[in-house]
Amino acid sequence: MVLFWIPCESVFASNTNMTISGGVLTAYNGGGGAVTIPSDVTSIGPNAFAGKPISSVSIPGSVRSIGDSAFANCTALANVTVPGSVTNMGSGVFAGCSGLSSVSMQASISALPASTFNGCRSLTSIAISAGITSIGSGAFSGCSSLSTMSVPAGVSSIGDSAFANCSNLSAISIPASTTNIGGSALSGCSSLSTINVASGNSAYASDGGCLYNAS
């Protein structure tokens with residue numbers, strides 16, 4: 001009798017707490033805490049970590065895409081860096097991460113998807129990567145600890161309710177490139193006192209903290 005050994009790709013490649021197949025991390029099965037995603041992962045699937053009690057996550061430079069709601073409602077997650085290798089992100093990736101306080105968004109994406117940080121009420125600072133041209137609807141809605149925001153140069157549109165109910169937001173800067181701001185983008189921003197619109201913005205102007213159409 002001749003036995004043949006056929007190599008199979010391990011479903012639990014590199015980490016028994018994660019379901020990984022073909023480079024796609026589809027589920028996290030661990031007990032939480034600090035998590036390091038293996039370097040052979042190229043994609044994080046939708047809802048892969050949703051609702052899990054992880055406190056931190058290290059995303060390797062091998063990851064190219066992050067699916068819808070991948071880290072949604074990870075309420076213990078405190079900070080995160082999205083590496084520049086990420087070229088595709090779904091909606092609501094960090095929605096409901098109520099403990100998330102700081103984010104470094106280095107992803108090589110042109111649009112910040114809808115509801116990316118919706119309900120991240122502990123978020124106090126965020127560094128958005130250059131190259132972002134649009135901020136999706138509700139992207140920062142309910143980020144009640146966010147006190148200031150400088151919309152990156154190059155952003156042409158800000159979606160509906162993008163900063164709605166950011167009750168602690170006191171100042172926001174709008175670049176010259178922004179020519180479309182959706183309805184209720186700043187609704188519920190009860191502390192907002194300063195809106196700075198860059199000179200040369202053909203669509204909007206600011207006057208005493210008020211934003212209005214320049215035309």
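Visitor: How many aromatic pairs does a search of the whole structure find?
Guide: This is a predicted model. The search covers the whole structure, and the count of aromatic pairs is six.

Visitor: Is the pair of tyrosine 28 and phenylalanine 49 stacked or edge-to-face?
Guide: The ring centres lie 5.2 Å apart. Pairing needs centres within 6.5 Å, and stacking needs planes under 30 degrees apart. The planes of tyrosine 28 and phenylalanine 49 are at 20 degrees, so the pair counts as stacked.

Visitor: How many residues apart are tyrosine 28 and phenylalanine 49?
Guide: Tyrosine 28 belongs to strand 2 (residues 24-28). Phenylalanine 49 sits in the loop between strand 4 (43-44) and strand 5 (54-58). The pair links distant parts of the chain, and the separation is 21 residues.

Visitor: Are tyrosine 28 and phenylalanine 49 buried or exposed?
Guide: The cut-off for buried is under 20% relative accessible area. Both tyrosine 28 and phenylalanine 49 are buried.

Visitor: Why is the pair of phenylalanine 117 and phenylalanine 140 classed as it is?
Guide: The ring centres are 5.5 Å apart. The planes meet at 20 degrees, so phenylalanine 117 and phenylalanine 140 are stacked.

Visitor: Which residue in strand 4 is the bridge partner of valine 24?
Guide: Strand 2 runs parallel to strand 4, with two bridges between them. In strand 4, valine 24 has as its bridge partner serine 43.

Technical notes: Residues are numbered from 1 along each chain as its sequence is written. This is a predicted model: local features need pLDDT of at least 70, side-chain atom pairs count only at pLDDT 80 or more; totals for chains, interfaces and linings use all residues. Side-chain values use heavy atoms; hydrogens and water are left out. Rings of Phe, Tyr and Trp (its six-membered ring) pair if their centres lie within 6.5 Å; planes under 30 degrees apart count as stacked, over 60 as edge-to-face and the rest as tilted. Helices (H or I, at least four residues) and strands (E, at least two) are DSSP runs, numbered from the N terminus. Buried means under 20% relative accessible area, exposed over 50%, partly exposed in between (1.4 Å probe, protein chains only). Two strands pair if DSSP finds at least two bridges between them.
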